[in-house]
Amino acid sequence: MGLLEMLRTSLSALRAHKLRTSLSVLGIVIGVAAVVAIIAIVNGATANMKEQIAGLGMRTITINTFPQALQSAASIQALTEELTSDLEAAPSVAQVVPTASGRGTAILDGETWNVSLMGVTPDYTALFDGFYAESGRFLHALDEDRKVAVLGAGVAEDYFSNGDPVGEKLTMEISGQKTAFRIIGVMSERGRVGYQNLDDSVYIPLTTMQILSGSRQFSSYIAQAANEEVVEQAAAEIETILDQKLTSTTPTISSGRGSAASLVVATSAGGTFIGRMSPYSVTIQKEAIETYEESVNTMTLILGGVGAISLLVGGIGIMNIMLVSVTERTREIGIRMAIGGRPRDIRTQFLVEAVLISLLGGFLGLGIGWLCAWLGSLFGGWPFVISIYPALLACGFSLLIGVTFGLYPALRAARLDPVEALRYE
Amino acid sequence: MIGMIELQRVTKDYPMGEVVYRALRGVDLRIDEHELVAITGASGSGKSTLMHVIGALHRPTSGRALFDGEDLGRLSREELAEIRNKKIGFIFQQFFLLPRATALQNVELPMAYAGIRPQERRERAQTCLERVGLGEFGHHCPTQLSGGQSQRVAIARALANSPRLILGDEPTGNLDSHTSEEIVDLFTSLHREGRTVIIVSHEPEIARRAEREIVLRDGWVEEDRRGTS
């Protein structure tokens, strides 16, 4: 009997039990949809995050310092503006921009809210493409020590929704001290770059930040390598300089970038082990992307595992329903055998039926999975990445499940004795 | 010359829980081409089992069962199925039509297993239905047919692959006497057309119209008599 013939017979058998068939199909749909949606969402989110990290420029090297890790006042003093020029002197480094970040409370018309403060130099905007003052102007060298502020696009939109805030006063409390700032500009919308959202910050002159927070150390530097080829070399040079400047006063320093990841973990865990940590981290974009991809891969594995388990459950559902079907149709099997159906015809017949259920579930699951991924991309604001790979995976998987879980019932059907099958009530 | 069917000391055992039930106790039998044979006997005499062995549904426990000189006991299940498909047409007491398929589809089924193309299949199925007088009923489902009509569809199905042997297992057991007569007429006309026909039945009418009657008792051939008709 031809395969097409079998397909027709199977379809009519499945149609005869619509509810039962739909429920078995549903089991596969859920599993496949879960796997497909997870893959598509992770792909979309990864593409988005890579774009953001890359948005900082592949030449960019981020240097974070952790003043708490330094045990002497002398080393804290070493982290000064002078370090900026020392780093800039490194042969592979083109530019170093110091920044100091902190938090403050803004007070406006009796309303207060928390702001993320960035103390920056006028060079800061040059680090990012498409980041410029949309209204007013950005900080200027002449603004040093002055109490002026430039608002990120998000801040301006949230708190100055009824008009251009340029020229207005904004009072901010920094380190317990209330200071009135004059708003001199509003930045263009730039969104997330790396781990930071440029739109959500208030930018003030670095020197002003230092005066108000009472310390001269910078929390981070953003360095640009001379070109993309020498990024790693530039990072090594920076580390050497930082080691020279910092290790003389810090006995238990670990060396270099290798410890950066563990350092981040330790700080987020509350800084308990800070004394044994490196007092700085140097991160290049490639590493940031790698670190991100590693955590994404772990997530994919876990979520994919959950999807795979639900597929397994769906497969068991198919086996169950096929066993019921074989029992119910024992007499039909007997008839088919008596008039010349070979055991192998019977086996193929039931196998085709199981594969039909699982393939149907696979295709529906693929559609629903993509729908979920699309919705996820709408909410998450990342691109909807549709690729052929999860589609093949879904089809392959459901085919495999149909065959795997359909085989035993099909073999059972094929092994029936024709006479006994005919007598079966 | 060897007969179409030759049984030599055939026994058949069935396990019945702990004990083994011996349905056939050494049957020797030869049926030649073009014979019309009735197998009779009380229930439990082994006549159904004998038919299953002749019909390649069961392999004998011991002894030899030859069909066209081929030892059925040595064939695989796949090969037995092919013999049933091409050389034997079965007709059962309970008709055994597929309830969800139309009369035409039921008749087509043995041809589908034989690998005949759909177009040719449809035409031949129609011819078979016309042969049994149901040319107009091709698209009826078994539930829409009377018992006599169902049995005619079953006969048409048995004829599908033009088998040389027609096997009836109590073919009139579920029919009223008038319809039974029509079915028996159909069987005898199939015999006249040159087919070998074996009917298992306990109805004396069928035995009377057969040219040979084999009477079974307790798994033995008790009597093998040839009639005059």
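1. Let's start with two terms. Two strands pair if DSSP finds at least two bridges between them. Helices (H or I, at least four residues) and strands (E, at least two) are DSSP runs, numbered from the N terminus. With that in hand, look at strand 3 of chain A, where A:W113 is the bridge partner of A:A106.

2. A word on what you are looking at. This is a predicted model, in which local features need pLDDT of at least 70 and side-chain atom pairs count only at pLDDT 80 or more, while totals for chains, interfaces and linings use all residues. Residues are numbered from 1 along each chain as its sequence is written, and chains are lettered from A and ligands numbered from 1 in the order in which they are written.

3. How confident is the predictor about chain A? The score to read is pLDDT, the predictor's confidence in each residue, from 0 to 100. Chain A has an average pLDDT of 82, and 86% of its residues score at least 70. Among the elements of chain A, the highest mean pLDDT, 96, belongs to helix 10 (residues 330-338), and the lowest, 34, to helix 8 (residues 260-268). Please read residues 249-276 of chain A with care: the pLDDT there is below 50, and the stretch has 39 contacts in the model beyond near neighbours in sequence. (Two residues are in contact if their C-beta atoms, placed from the backbone, lie within 7 Å.)

4. Of its 425 residues, 42% count as buried. Here a residue is buried if 20 or more other C-beta atoms lie within 10 Å of its own, exposed if 12 or fewer, and partly exposed in between, with C-beta atoms placed from the backbone. Among contacts in chain A between residues at least 6 apart in sequence, 83% join residues at least 24 apart.

5. Chain A also comes with domains, whose bounds are taken from an automatic or database domain assignment. That assignment gives domain 1 of chain A as 3-52 + 302-423 and domain 2 as 100-214. Their C-alpha centres lie 57 Å apart.

6. Which residues of strand 5 (residues 148-151) of chain A are buried on each side? A:V148 and A:V150 are buried on one side, and A:A149 and A:L151 on the other. Strand 5 of chain A runs parallel to strand 7 (residues 177-187) of chain A, joined by 4 bridges, with A:V150 opposite A:G185. By 2 bridges, strand 5 of chain A is also joined to strand 10 (residues 201-205) of chain A, running antiparallel, and A:L151 stands opposite A:V202 there.

7. Why does A:F160 count as partly exposed? Because it has 17 C-beta neighbours inside 10 Å.

8. Where the chains meet, 19 residues of chain B are in contact with 18 residues of chain A. On the side of chain B that touches chain A, helix 2 (77-87) and helix 3 (103-114) of chain B each supply at least two residues. The largest share, 6 residues, comes from helix 2 of chain B.

9. Chain B has an open sheet of 4 strands in the order 2-1-4-5, with antiparallel pairing. Strand 2 (19-31) and strand 5 (70-71) of chain B are its edge strands, each pairing on one side only.

10. Finally, helix 5 (residues 147-159) of chain B is mostly covered, with 10 of its 13 residues buried. What covers those buried residues includes helix 3 and helix 4 (118-131) of chain B.
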